[in-house]
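Me: I am new to this structure and would like to go through it step by step. Could we begin with its pockets, and with what the word means here?

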Amino acid sequence: MNEKEKAAAGLLYDNNNDPQLIRERNYCKSLCFEHNQLNPLKITEREEMIRNIVAEAKGPFVIEQPFYCDLGYHIELGRNFFANHNLVILDSAKVTFGDNVFIGPNCGFYAAGHPLDVEQRNAGLEYAYPITVGDNVWFGGHVSVLPGVTIGSGSVIGAGSVVNRDIPPGVIAAGNPCRVIREITEEDRNKYNRD
């Protein structure tokens with residue numbers, strides 16, 4: 001089993017010294033660099049570049065510059081995806097976003113993690129667990145989502161949260177570590193004056 005296959009199986013793998021993974025990561029980083037250097041007014045070119053980076057973009061999307069990811073080919077974007085400035089996706093495993101996902105600035109989705117054992121960590125080993133985000137999820141600014149997390153549809157993740165466990169659908173969750181605060185209710189629909 002090669003290092004890429006180990007990563008796909010959720011096993012410890014050598015991401016720092018494997019020539020294939022280094023080559024793929026450097027190629028993706030060069031595409032991200034090109035994207036981030038484009039004039040913000042070049043909307044079509046920016047969209048085309050992102051479509052060249054990610055595995056799938058199901059519909060319209062906006063990713064504000066700068067944007068960074070490791071491999072790109074593990075990222076799937078649902079329809080009407082929006083990410084503000086400084087989105088980071090460490091996609092050593094699959095990172096899937098549903099439809100109508102809104103992401104505030106300076107957020108990170110980290111499918112990659114490192115072992116607690118110092119010898120394994122110093123040997124360059126890491127693990128990769130998928131991240132799944134349902135439909136209609138909103139992330140406030142400075143949210144970190146850690147490996148293996150699933151976030152249910154319709155939930156809101158408060159600014160500054162560190163999401164290290166699954167979040168059910170239809171809730172407001174926040175904190176470090178991120179915890180469910182309450183369900184989203186009909187009262188929330190009328191909270192803001194629309195006039």
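Reply: On a 1 Å grid over the protein atoms alone, a pocket is an open set of points where a 1.4 Å probe fits, with protein on both sides within 12 Å along at least five of seven lines; its lining residues have an atom within 4 Å of a point. The model is predicted, so local features need pLDDT of at least 70 and side-chain atom pairs count only at pLDDT 80 or more, while totals for chains, interfaces and linings use all residues. Residues are numbered from 1 along each chain as its sequence is written, and side-chain values use heavy atoms, with hydrogens and water left out.

Me: Which residues lie nearest the centre of the largest pocket?

Reply: They are Trp138, Val156, Ile184, Asp188 and Tyr192, out of 15 lining residues. The lining has seven nonpolar, four polar and four charged residues. Here Ala, Val, Leu, Ile, Met, Phe, Trp, Tyr, Cys and Pro count as nonpolar, Asp, Glu, Lys and Arg as charged, and the others, Gly among them, as polar.

Me: How much space lies in the largest pocket?

Reply: About 440 Å³. A volume is the space filled by probe spheres set on the grid points, which are joined across faces, edges and corners.

Me: And how much is in the second largest pocket?

Reply: That one holds about 170 Å³. It is lined by 17 residues, and Ala7, Ala8, His74, Ser92 and Ala93 are the closest to its centre. Two elements, α1 (3-8) and α2 (19-37), each give two or more residues to this lining. The largest share, three residues, comes from α1. Such helices (H or I, at least four residues) and strands (E, at least two) are DSSP runs, numbered from the N terminus. By class, the second largest pocket is lined by 10 nonpolar, four polar and three charged residues.

Me: Let us turn to sheets. In what order do the strands of the open sheet with β2 run?

Reply: The order is β2-β5-β8-β13-β16, five strands with parallel pairing. Two strands pair if DSSP finds at least two bridges between them. β2 (56-57) and β16 (150-151) are at the edges with a single partner strand each, so one side of each has no neighbour in the sheet.

Me: How many bridges join β5 to β8?

Reply: Two bridges join β5 (residues 75-77) to β8 (residues 95-97). Glu76 has Thr96 in β8 as its bridge partner.

Me: Which strands form the open sheet that includes β4?

Reply: Five strands form that open sheet, in the order β4-β7-β10-β15-β18, again with parallel pairing. Its edge strands, β4 and β18 (162-163), each pair on one side only. Three bridges link β4 with β7 (residues 87-90) in the parallel sense. Tyr68 has Val88 as its bridge partner in β7.

Me: Now a helix. Which residues of α3 are buried?

Reply: In α3 (residues 43-53), the buried residues are Arg46, Met49, Ile50 and Ile53. Seen down the helix axis, they fall within an arc of 100°, so they line one face of α3. That arc is taken from the directions from the helix axis to the C-beta atoms. As background, an α-helix has 3.6 residues a turn, so residues three or four places apart point the same way.

Me: What is on the face turned away, and what covers the buried side?

Reply: The face turned away carries the exposed residues Thr44 and Asn52. Buried means under 20% relative accessible area, exposed over 50%, and partly exposed in between (1.4 Å probe, protein chains only). The cover over the buried residues of α3 includes α2, β3 (61-63), β4 (67-69) and β5.

Me: What about the phi of Asn136?

Reply: Asn136 is not a glycine, yet its phi is positive, about 60°. Its loop runs between β13 (131-133) and β14 (138-139), and Asn136 is partly exposed at 44% relative accessible area. Most residues other than glycine have a negative phi, and most peptide bonds are trans.

Me: Last one: is Ala173 buried or exposed?

Reply: Ala173, in strand β19, is buried, at 0% relative accessibility.

Technical notes. Contact means heavy atoms within 4.5 Å.
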